[in-house]
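The exercises below are meant to be worked through with the sequence and the model side by side. Each task is followed by a solution that goes step by step.

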Amino acid sequence: MFPFSSLRSFLFALLIALVPAGLYAQEDLTEVGWARKMVSAGLVNLSEKIPDIKVDLMYSRKDNFMGTDVYGALEDAYLNPGFAEKLGKAQTLLKQELGSNYSLIVYDAARPLSVQRKMWDIVRDTPNRKYVASPARGGGRHNYGLAVDLSIVDTVTGTPLDMGSSVDHFGITSHIGDEAALVKSGLITPEAKSNRAYLHGLMKRVGLRPIRKEWWHFEEYTSIRSVRKHKLLDF
């Protein structure tokens with residue numbers, strides 16, 4: 001039987017290929033419109049590249065740190081092809097080591113600059129501004145399809161593994177590097193410490209690193225200057 005997610009991805013790819021590009025205005029923010037823009041920018045749909053990966057874009061719903069949906073119809077995750085290859089390797093290793101019931105779950109990936117502007121407008125006069133790259137400075141790695149926010153989920157229960165804090169929580173429990181102290185102070189559990197260490201080790205094995213204040217954010221071992229040689233998602 002053809003999996004629903006694969007069928008959905010196939011139909012979108014077919015529609016994108018068949019409909020003339022001229023019919024899509026710059027302001028087209030439908031799901032197919034977003035897909036066309038992402039593919040035209042050289043990105044790949046993760047659900048097509050890695051059919052068994054889970055995707056739940058946190059900025060395409062209201063329960064995030066901004067309290068609003070800034071993605072609208074954009075519900076698929078897109079990434080640079082080389083970056084997606086690394087995630088595919090991580091997904092394979094994860095299933096080999098933890099079992100077929102576990103999967104990576106992607107909460108954010110490529111982010112159009114128009115969305116980055118919306119986010120910046122929401123946070124620029126708040127303490128959370130330090131967590132959002134200014135679009136006026138060229139944006140951040142997400143705006144080039146070269147960063148991903150993710151965790152590990154039990155696909156049977158639908159429950160993400162305990163990582164000590166929820167994704168998108170900006171506070172000390174989301175910081176990495178001193179998890180032992182967080183456990184000692186009772187801020188995270190020993191299980192969370194172990195899960196986080198596994199996730200970070202897994203991603204490092206495929207060439208991706210976390211950042212200090214967000215255990216869920218992963219990027220390549222390259223400078224932002226190198227990242228900005230890639231195509232900016234300026235739409």
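**Exercise 1.** Which residues lie nearest the centre of the largest pocket, and how many residues line the pocket?

*Solution.* This is a predicted model, in which local features need pLDDT of at least 70 and side-chain atom pairs count only at pLDDT 80 or more, while totals for chains, interfaces and linings use all residues. Residues are numbered from 1 along each chain as its sequence is written, and side-chain values use heavy atoms, with hydrogens and water left out.

A pocket is an open set of points on a 1 Å grid over the protein atoms alone, where a 1.4 Å probe fits and protein lies on both sides within 12 Å along at least five of seven lines; lining residues have an atom within 4 Å of a point. By this rule the largest pocket is lined by 30 residues, and Tyr131, Val132, Ala133, Gly140 and His217 lie nearest its centre. Its space comes to about 540 Å³, a volume filled by probe spheres set on the points, which are joined across faces, edges and corners.

**Exercise 2.** Find which element supplies the largest share of the lining of the largest pocket.

*Solution.* Begin with the elements, where helices (H or I, at least four residues) and strands (E, at least two) are DSSP runs numbered from the N terminus. Helix 5 (113-123), strand 5 (147-154) and strand 8 (214-220) each give at least two residues to the lining. The largest share, four residues, comes from strand 8.

**Exercise 3.** Decide how helix 2 is covered, and list its buried residues.

*Solution.* Buried means under 20% relative accessible area, exposed over 50%, and partly exposed in between (1.4 Å probe, protein chains only). Helix 2 (residues 31-40) is mostly covered, since seven of its ten residues are buried: Val32, Gly33, Trp34, Ala35, Arg36, Lys37 and Met38. Just after this helix, Gly42 takes a positive phi of about 90°.

**Exercise 4.** Describe the ring pair of Phe65 and Phe170, and then the pair of Trp215 and Trp216.

*Solution.* Rings of Phe, Tyr and Trp (its six-membered ring) pair if their centres lie within 6.5 Å; planes under 30 degrees apart count as stacked, over 60 as edge-to-face and the rest as tilted. The count comes to seven aromatic pairs. Phe65 and Phe170, with centres 4.9 Å apart and 85° between the planes, are edge-to-face, and they lie 105 residues apart in the chain. Phe170 counts as buried because its relative accessibility is 18%. The rings of Trp215 and Trp216 have centres 5.5 Å apart and planes at 85°, so this pair is edge-to-face.
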